[in-house]
Structure formats: C-alpha cells, structure tokens
Amino acid sequence: MAFKQMEQISQFLKAAETYGVRTTDIFQTVDLWEGKDMAAVQRTLMALGSVAVTKDDGCYRGEPSWFHRKAQQNRRGFSEEQLRQGQNVIGLQMGSNKGASQAGMTGYGMPRQIL
C-alpha cells in the first residue's frame, strides 16, 4: 500500500512538471510521504496554481486571486541610435564620486556628535 501511494505522489509530480511547474519548485516524494517538509509541498501547490492561472486554459476553475499570475514576455526594442547614446553615459559607479567627501566624519572609534 505504501509503495502504491508513493508511486501516485511521484506521478503527480511528473504531471506537474509536464504542466509547466519548474523543477526547482517541485518537492521530493519523501517530503509529503513522511511529512518532513510540508512547506515544500505547499510551495509546489502554490507554483502549480500560479502556472494554471497564468495559462488560463480552463483547467483551474477556482478563485484566481488565490494565486499570482506569472509575468509574461516583455520584449523591448531599441534603435541603433538609442544603443549608441547609452554607450556615452558614465555611470556613478565608474569613477565619479559626485562631490562626495569625508568632511564632518569623526575618527574611527569616536562617538558621533549629535547636536
């Protein structure tokens, strides 16, 4: 009986992966069977619900607000002129301290003077 139940859990996990749940979101069979990591089981169910809501293929008939909709593709197209302009911008982490100085700093180990 135990082997049959573990096999059914394994079949559920394979079906969830086939449906679109990422492998990193799927729990191990032992986690549910022995009750070791029920949080992982819950994360898998949440991931499965999110995939079902995102696909919107009619398989999920529950309340869609229970799960978050995963982000879809958001392509951006830049012209050659825009790409060239981006090469001329110097980021603040590339050598510019923008007027920063150590004025007003106390020595190491000294208490701050708050007036």
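**Helix contacts, core and loop of a predicted model**

Modeller: In this predicted model, Phe12, Ala16 and Tyr19 of H1 meet Leu45, Leu48, Val51, Ala52 and Lys55 of H3.

Biologist: What makes these residues of H1 and H3 count as meeting?

Modeller: Contact requires heavy atoms within 4.5 Å. Phe12, Ala16 and Tyr19 in H1 meet that condition with the listed residues of H3, so the two helices are in contact.

Biologist: What classes of residue make up the contact of H1 with H3?

Modeller: There are seven nonpolar residues, no polar ones and one charged residue. Lys is counted as charged and Ala, Val, Leu, Phe and Tyr as nonpolar, so Lys55 is the charged one.

Biologist: How are the axes of H1 and H3 placed, and what is the hand of the crossing?

Modeller: H1 (residues 2–19) and H3 (residues 38–55) pack at an angle of about 35°, and their axes are 10 Å apart. The crossing of H1 and H3 is left-handed. That name is used because the near helix is turned anticlockwise from the far one by less than a right angle.

Biologist: Which residues form the largest nonpolar core, and why is it called a core?

Modeller: The largest nonpolar core has 12 residues, including Ile9, Leu13, Phe27, Val41 and Val51. A core is a set of buried residues of nonpolar kinds joined through side-chain atoms within 4.5 Å, and buried means under 20% relative accessible area.

Biologist: What does Val51 touch beyond its neighbours in sequence?

Modeller: Leaving out residues up to four places away in sequence, Val51 touches Tyr19, Gly20, Val21 and Lys70.

Biologist: How much of the whole chain counts as buried?

Modeller: Of its 115 residues, 18% count as buried.

Biologist: Why is Asp56 called exposed?

Modeller: Exposed means over 50% relative accessible area. Asp56 has 61%, so it is exposed. Asp56 lies in the loop between H3 and H4 (80–87).

Biologist: What makes the phi of Asp56 worth a remark?

Modeller: Asp56 has a positive phi of about 50° although it is not a glycine. Most residues other than glycine have a negative phi.

Biologist: How do you know whether Ser65 is buried or exposed?

Modeller: Ser65 has a relative accessible area of 58%, which is over 50%, so it is exposed. Ser65 is also in the loop between H3 and H4. Its C-alpha atom is separated by 8.9 Å from that of Val53, 12 residues apart along the chain.

Notes: Residues numbered from 1 in each chain as written. Predicted model: local features only at pLDDT ≥ 70, side-chain atom pairs only at ≥ 80, totals over all residues. Heavy atoms only, no water. Axes fitted to C-alpha atoms, helices over the stretch in contact; angles between N-to-C directions. Helix = DSSP H or I, 4+ residues; strand = E, 2+ residues; numbered from the N terminus. Buried < 20%, exposed > 50% of the residue type's maximum accessible area, 1.4 Å probe, protein only.
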